[in-house]
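Biologist: I would like to work through this structure one feature at a time. Please start with the overall picture and then go to the details.

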Amino acid sequence: MTEAVAIEVEGLVKTYGAVEAVRGIDLTVASGEIFGFLGPNGAGKSTTINMLCTLIRPTAGQASVAGYDVVRQRDDVRRNIGLVFQDTTLDGYLTAERNLRLHAELYGVPRDVLDDRLRQVLEMVGLWDRRRSKVSTFSGGMKRRLEIARGLLHSPRVLFLDEPTVGLDPQTRSSIWTYIQELKQAEDITIFLTTHYMDEAEYSDRIAIIDRGTIIALDTPSALKASVGKDRVSIGTDDNERAVAAVAERFGLTASVVEGQVTLAVENGEQFVPRLFAELGRPIFSVSVARPSLDDVFLSFTGTTIREAEATATDRLRGNPMMARIRGGR
Ligand code: ADP
């Protein structure tokens with residue numbers, strides 16, 4: 001195991017009776033990476049995270065975290081990871097500081113370093129001034145920040161964040177992301193995260209998309225976006241038909257008129273636009289370039305948008321007949 005690898009997974013499998021929750025996945029996460037793990041509901045994300053965190057035992061295959069085997073060296077793995085899961089496990093009756101001290105005891109953080117470390121993590125998430133307040137008085141965002149501080153208290157090498165900002169308002173989500181990115185700078189830590197928010201997945205250095213227990217895509221956000229399609233360039237002109245003809249003549253490309261704009265697909269929109277202005281030979285009044293988004297990536301690989309996947313699963317749970325009809329019709 002080299003220093004540079006934080007998580008190594010080979011042929012990892014988990015079956016529950018006839019259900020193959022995870023079907024032999026492979027992945028390597030480099031030390032210091034933010035690694036995003038995406039997939040529709042029921043894809044196998046939680047099962048994978050739970051195996052990596054040693055909470056459940058793999059049926060087959062191997063995984064190591066921070067250099068330790070998740071089956072044979074469970075305690076070593078546990079000492080070296082931090083967990084921030086969806087369900088809060090903070091004690092609302094206790095102060096922020098007391099919650100952290102309890103955690104420090106569980107993890108055996110040495111007393112001589114604890115006070116400094118406590119201050120460091122609470123300052124990092126902007127809660128040092130509120131350390132003596134009961135957690136029950138905290139907002140959702142403050143609680144989540146406190147959980148992140150707690151997950152870091154014992155200086156883990158790898159931090160697992162399962163939907164770290166679910167249910168929070170956009171402003172709080174963005175401030176939590178500021179902390180996560182600062183953290184990466186300050187702590188030299190590896191972050192393995194799941195999220196349903198595609199804008200958040202953009203913060204990842206690399207993303208794996210899992211579907212039906214199999215990894216179906218794994219790359220940087222920009223490479224994934226490039227793999228699903230070209231950029232879309234739209235221009236406003238004085239005469240769209242002539243502009244379409246000019247695009248065909250000068251560039252040999254097929255443009256069409258979409259919502260009053262001449263629209264065409266190109267490999268690299270930003271590089272193409274200056275050429276378009278220089279060579280089209282017709283006036284251009286406005287221009288816009290749209291890149292494929294991670295939503296497009298998700299749709300392309302899984303056949304559903306991540307929000308639809310989420311809504312479908314939620315409504316299936318609630319037995320909503322309207323949603324069942326919509327799904328049946330798709
Ligand atoms: P995700 O986190 O991506 O939503 P999960 O890992 O929770 O997906 O689930 C993957 C599959 O494994 C699903 O089909 C789920 O129903 C099944 N599964 C998960 N945990 C169990 C369990 N304890 N017993 C039986 N089936 C399970």
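Modeller: The protein chain has 13 helices and 14 strands. Keep in mind that this is a predicted model. Along the principal axes, the C-alpha atoms fill a box of roughly 75 × 50 × 50 Å.

Biologist: What percentage of the 330 residues in the protein chain is buried?

Modeller: Buried residues make up 46% of the 330. The accessible surface of the chain comes to about 16600 Å², and 47% of this surface belongs to carbon and sulfur atoms.

Biologist: Next, helices. How do I read the pattern of buried residues along one?

Modeller: An α-helix has 3.6 residues a turn, so residues three or four places apart point the same way. Take helix H3, residues 96-106, where Ala96, Glu97, Asn99, Leu100, His103 and Ala104 are buried. Seen down the axis of H3, these buried residues fall within an arc of 160 degrees, so they line one face of the helix.

Biologist: What do the buried residues of H3 pack against, and which residues are exposed on the other side?

Modeller: The buried residues pack against helix H4 (111-124) and helix H5 (140-152). On the other side of H3, Glu105 and Leu106 are exposed. Just after H3 comes Gly108, with a positive phi of about 60 degrees.

Biologist: How should I read a positive phi when the residue is not glycine?

Modeller: Most residues other than glycine have a negative phi, and most peptide bonds are trans. Thr54 has a phi near 70 degrees, a positive value in a residue other than glycine. Thr54 lies in the loop between helix H1 (45-52) and strand S4 (60-65). Glu259 also has a positive phi, near 50 degrees, and is placed in the loop between strand S12 (256-258) and strand S13 (261-266).

Biologist: Is Thr54 buried or exposed, and is Glu259 buried or exposed?

Modeller: Thr54 has a relative accessible area of 2%, so Thr54 is buried. Glu259 has a relative accessible area of 79%, so Glu259 is exposed.

Biologist: Now the strands. Which residues lie on each side of S3, and are they buried or exposed?

Modeller: Read a strand by its two faces. On one side of S3 are Ile34, Gly36 and Leu38, on the other Phe35 and Phe37, and all are buried. Strand S3 covers residues 34-38, so the count is five buried out of five.

Biologist: In what sense does S3 pair with S8 and with S9?

Modeller: S3 pairs with strand S8 (residues 190-194) in the parallel sense, over four bridges. Gly36 stands opposite Leu193 in S8. The pairing of S3 with S9 is also parallel, over four bridges. There, the bridge partner of Phe37 is Ala208 in S9.

Biologist: And in what sense does S9 pair with S10?

Modeller: Strand S9 (residues 206-211) and strand S10 (residues 214-219) are antiparallel, paired over five bridges. Asp211 has Thr214 in S10 as its bridge partner. This hairpin has two residues between the strands, and Arg212 takes a positive phi near 50 degrees.

Biologist: Last, how do I relate distance in sequence to distance in space?

Modeller: Glu270, in helix H10 (residues 269-279), is 19 residues from Val289 in sequence and 7.1 Å from it in space, C-alpha to C-alpha. Leaving aside residues up to four places away in sequence, Glu270 touches Val289 and Arg291. Glu270 has a relative accessibility of 55%, so it counts as exposed.

Definitions and conventions:
Residues numbered from 1 in each chain as written. Predicted model: local features only at pLDDT ≥ 70, side-chain atom pairs only at ≥ 80, totals over all residues. Heavy atoms only, no water. Buried < 20%, exposed > 50% of the residue type's maximum accessible area, 1.4 Å probe, protein only. Areas by Shrake-Rupley, 256 points an atom, 1.4 Å probe, with all protein chains shown as cover. Pairing = 2+ DSSP bridges. Arc of directions from axis to C-beta. Contact = heavy atoms within 4.5 Å.
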